[in-house]
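Here are a few exercises to work through with the model open in your viewer. Try each task before you read its solution.

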Amino acid sequence: MVRSAAIVGAAVVVACVVAAFLARPFITVLYGAAFARAVPVLLLMLPGVAFLGTATIVAQYLGAIGLPRMLIAVWAAVLVLVVALSVTLTRALGAPGAAMSLSVAYLVLL
């Protein structure tokens, strides 16, 4: 499980780094300059993608070895965290705050 999580985590991190470098040109070419403001939001969400991708491997393993109640408790706690962070950070920062709340919650989940 640790090896699989590390491999998947590394692959997702590489994909996120590539996405970070290509985000601005792709978004502006595909959707126009009006959508360039979405780039910082995407960049704030990319760490969460890496954390969630890795956490999914761990969650599947824990579920397979018979710990589904613990998984439900952890996911429920992270749900409460993401709602609290989203309310707070979105009010203060708007869309970037919402993106940050997801990345922080997925880090805690991992």
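Helices here are DSSP runs (H or I, at least four residues; strands are E, at least two), numbered from the N terminus, and the expected span of a helix is 1.5 Å times one less than its number of residues. The model is predicted, so local features need pLDDT of at least 70 and side-chain atom pairs 80 or more, while totals for chains, interfaces and linings use all residues. Residues count from 1 along each chain as its sequence is written, and side-chain values use heavy atoms, leaving out hydrogens and water.

**Exercise 1.** Find how far helix α2 reaches from its first C-alpha to its last.

*Solution.* Start with the range: α2 covers residues 38–64, which is 27 residues. Next, compare the spans: α2 reaches 38 Å, close to the expected 39 Å. Then look for a bend (the angle between axes fitted to the seven residues ending at a residue and the seven starting there): there's a kink of about 25° at M45, shortly before the proline P47. Finally, step just past α2, where G66 has a positive phi of about 100°.

**Exercise 2.** Is V17 buried, exposed or partly exposed?

*Solution.* Now apply the cut-offs: buried is under 20% relative accessible area, exposed over 50%, partly exposed in between (1.4 Å probe, protein chains only). V17 is partly exposed because its relative accessibility is 42%.
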